[in-house]
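User: I would like to go through this entry and ask, for each label, what it rests on.
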Amino acid sequence: MSSAPASDPQSSRPVPEGDRPRPKPKLVFDDPLDQQSSDDTDRGWGERPPAGGSAADLARFLDEKPPHHI
């Protein structure tokens, strides 16, 4: 009988990635009003990025044409 502690055969095996516990998300204490939201941008309001050329202007006009101009 040995006085050395018995080693656990499972502890020497690498743990598969699917079995590892996921780290908890970190809490962020930043002020949310300091960050720009999507509503603060033209894109958030549905504006398209500026595109050059008359074909792009015509496409925008046709897309945004009021119903009484059909």
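**Labels and their grounds**

Analyst: Phe 61 lies in helix H1, which spans residues 54–63; helices here are DSSP runs of H or I with at least four residues, strands are runs of E with at least two, and both are numbered from the N terminus. The model is predicted, so local features need pLDDT of at least 70 and side-chain atom pairs count only at pLDDT 80 or more, while totals for chains, interfaces and linings use all residues. Residues are numbered from 1 along each chain as its sequence is written, and side-chain values use heavy atoms, with hydrogens and water left out.

User: Why is Phe 61 called partly exposed?

Analyst: Buried means under 20% relative accessible area and exposed over 50%, with partly exposed in between (1.4 Å probe, protein chains only). Phe 61 has a relative accessible area of 48%, and is therefore partly exposed.

User: What makes the nonpolar surface patch?

Analyst: Leu 58, Phe 61 and Leu 62 make this patch, of about 310 Å². Patches take residues with over 30% relative accessible area and no salt bridge, joining nonpolar side chains (Val, Leu, Ile, Met, Phe, Trp, Tyr) within 5 Å and like charges within 9 Å; accessible areas come from the Shrake-Rupley method with a 1.4 Å probe, and for residues only the protein chains shown count as cover.

User: Why is the contact between Arg 60 and Glu 64 called a salt bridge?

Analyst: The term requires a side-chain nitrogen of Lys or Arg within 4 Å of a carboxyl oxygen of Asp or Glu. The Arg 60 and Glu 64 side chains meet at 3.3 Å, N to O, and therefore qualify. By this rule the count comes to 1 salt bridge.
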